[in-house]
Amino acid sequence: MTAATDVEPRALRADAARNRERILVAARRVFSERGLEASVAEVAREAGVGKATVFRSYPTKDHLIAAIAYDRVRWVEDLITEALKQPDAWAAFKDLLADLAHRHATDLTHLEALARHSDAPLLTEARNAATAALRKLMDRAKKQGAMRADAAPEDIRTLFQGVTYAMTEEERRDLDAWARWADLFSNALRA
């Protein structure tokens, strides 16, 4: 699959650029509330445009989802970059898990979009950058003696995905349940 985020976009007319941004904002909202099963027609309605306008910006629903996934991965990378500024890597790591857990509870697309397999180069690049930043944070926590030596960034993805798929629909939206899981995850990785 080739995603809309694969290449640098060519210069768009001002109205096309505004439509593209409205579509992306609408898709974030619609998919966040209803999950990735929501239709392109729902996104178009939310954006106040026709389906054809959506498809001019994002040739397929997968392209639109890849654009959202890219946005989500960059958000995670920004969180980790901020966490790296804290002197106590373990405290920063715990806060990161809490932020991720909160996002999972409030945004149905977060894990689903991140878990989708895509060979979109920019999405792959973003995932690699986020993983490298997380590895750096975890290595600091290990050096400070707070984290298990065998912990890896892939463990975080596995823990979040496993719990997400084991939860009921209602539990997936429960902030307290996710806060509990974030605490359990951190305890599992504590040295």
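Q: Is Glu46 buried, partly exposed or exposed, and what is its relative accessible area?
A: The model is a predicted one. Partly exposed residues lie between the buried limit of under 20% and the exposed limit of over 50%. Glu46 falls in that range and is partly exposed, with a relative accessible area of 34%.

Q: Which residue forms a salt bridge with Glu46, and how far apart are the closest N and O atoms?
A: Side chains of opposite charge can pair when their charged atoms come close. A salt bridge requires the nitrogen and the carboxyl oxygen to be within 4 Å. For Glu46 the closest N and O atoms are 2.5 Å apart, and the partner is Arg29.

Q: Which parts of the chain does the pair Glu46 and Arg29 tie together?
A: Arg29 is partly exposed at 37% relative accessibility. The two residues are 17 apart in sequence, so their pairing links separate parts: Arg29 belongs to helix α1 (residues 14-34), and Glu46 to helix α2 (residues 40-47).

Q: How many helices and how many strands does the protein chain have?
A: Read from the N terminus, the elements run α-α-α-α-α-α-α-α-α-α. The count for the protein chain is therefore 10 helices and 0 strands.

Q: What share of the residues in the protein chain is buried?
A: A residue is buried when its relative accessible area is under 20%. The protein chain has 191 residues, and the buried share of them is 44%.

Q: Is Arg72 buried or exposed, and with which residue does its side chain meet in a salt bridge?
A: Arg72 has a relative accessible area of 2%, so it counts as buried. The N to O distance is 2.9 Å, and the partner is Asp71.

Q: How many salt bridges does the count come to?
A: The pairs include Glu46 with Arg29 and Arg72 with Asp71. The count comes to 14 salt bridges.

Q: With which side chain does the side chain of His63 make a polar contact?
A: His63 is found in helix α4 (residues 61-83). His63 is buried, at a relative accessible area of 12%. The contact spans 2.5 Å, and the partner is Thr60.

Q: With which side chain does the side chain of Glu77 make a polar contact?
A: Glu77 is found in helix α4. At 17% relative accessibility, Glu77 counts as buried. The contact is at 2.3 Å, and the partner is Arg74.

Q: Which residues gather in the patch of negative charge on the surface?
A: One member, Asp176, is found in helix α10 (residues 175-189). Asp176 counts as exposed because its relative accessibility is 65%, beyond the 50% limit. The patch is formed by Glu170, Glu171, Asp174 and Asp176.

Q: How far apart in space are Asp183 and Ala101, C-alpha to C-alpha?
A: Asp183 is found in helix α10. At 37% relative accessibility, Asp183 counts as partly exposed. Asp183 and Ala101 are 82 residues apart in sequence, and their C-alpha to C-alpha distance is 9.6 Å.

How values were computed
Residues are numbered from 1 along each chain as its sequence is written. This is a predicted model: local features need pLDDT of at least 70, side-chain atom pairs count only at pLDDT 80 or more; totals for chains, interfaces and linings use all residues. Side-chain values use heavy atoms; hydrogens and water are left out. Patches are made of residues with over 30% relative accessible area and no salt bridge: like charges are joined within 9 Å, nonpolar side chains (Val, Leu, Ile, Met, Phe, Trp, Tyr) within 5 Å. Accessible areas come from the Shrake-Rupley method with a 1.4 Å probe; for residues, only the protein chains shown count as cover. Lys and Arg count as positive and Asp and Glu as negative; His and the chain ends are not counted. The place of a charge is taken as NZ of Lys, CZ of Arg, CG of Asp or CD of Glu. Helices (H or I, at least four residues) and strands (E, at least two) are DSSP runs, numbered from the N terminus. Buried means under 20% relative accessible area, exposed over 50%, partly exposed in between (1.4 Å probe, protein chains only). A polar contact is a pair of N or O atoms within 3.5 Å; within protein, one must be able to donate a hydrogen and the other to accept it, and residues adjacent in sequence count only if both atoms are side-chain atoms.
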